[in-house]
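The sequence and structure come first.

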Amino acid sequence: MNFARSAIILTLFFANLVLPTARGRSVSKNANSGPSGNSANTTTEHSNVEELGMMINVPYAPEDIVWKEYPKPHKLLAVFRFSPEDSSKIVSAAAAVKQPEPAIISSEPWFPDELVAQGGSTGDDSLKGQAYSPDQFVQEPFNSGRLIRIEGTDYFVLELDAK
């Protein structure tokens, strides 16, 4: 009986050590640079779409998501991967508001591996894409920014500012 109790206690102890790091991408990291290039911002990356949906409008269910909120200046940087069908709908709606224009964004270390690799292949961590209106994602306090579809992918990088 004493051995069984000890085994249960040890199992619970080790489960508490291992499970927090196995829950996904919401592991705390220091941001070397945010969308503003300000190294004073310490943020945590998140992968919870419901939590993000409380701050902005997420028009379709993403297949992959990771995002950070930067406190000073108040910004949001999110990376979504949508299905090809939903990506087409997003591009169509965004292009109806404003014509897309070429854009370049720096890859961040916490971006999905595919984008980090794509940025690394350029030699300067840059990702090319088309910038669209972010209107379908905007919700107060985040009221301006841009939505960039990364070239050759169904990934979108959303940069929003709170002004």
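## Residue A95

In which helix is the place of A95? A95 belongs to helix α3, residues 84-97; helices (H or I, at least four residues) and strands (E, at least two) are DSSP runs numbered from the N terminus. The model is predicted: local features need pLDDT of at least 70, side-chain atom pairs count only at pLDDT 80 or more, and totals for chains, interfaces and linings use all residues. Residues are numbered from 1 along each chain as its sequence is written, and side-chain values use heavy atoms, with hydrogens and water left out.

A95 counts as partly exposed because its relative accessibility is 23%; buried means under 20% relative accessible area, exposed over 50%, and partly exposed in between (1.4 Å probe, protein chains only). Not counting residues up to four places away in sequence, A95 touches P100 and Y132, where contact means heavy atoms within 4.5 Å. Y132 is 37 residues from A95 along the chain, with a C-alpha separation of 6.4 Å.

## The sheet

An open antiparallel sheet is formed by 6 strands, ordered β1-β2-β6-β5-β4-β3; two strands pair if DSSP finds at least two bridges between them. β1 (64-70) and β3 (101-106) are at the edges with a single partner strand each, so one side of each has no neighbour in the sheet. On average, neighbouring strands are turned by 30 degrees against each other, direction ignored; axes are lines fitted to C-alpha atoms, for helices over the stretch in contact, and angles run from 0 to 180 degrees between N-to-C directions.

Strands β5 (residues 142-150) and β6 (residues 155-162) pair antiparallel over 7 bridges. F142 has A162 in β6 as its bridge partner.

## The helix across the sheet

Helix α4 (residues 113-120) lies across β2 (75-81), β4 (126-132), β5 and β6. The helix runs at about 110 degrees to β4.
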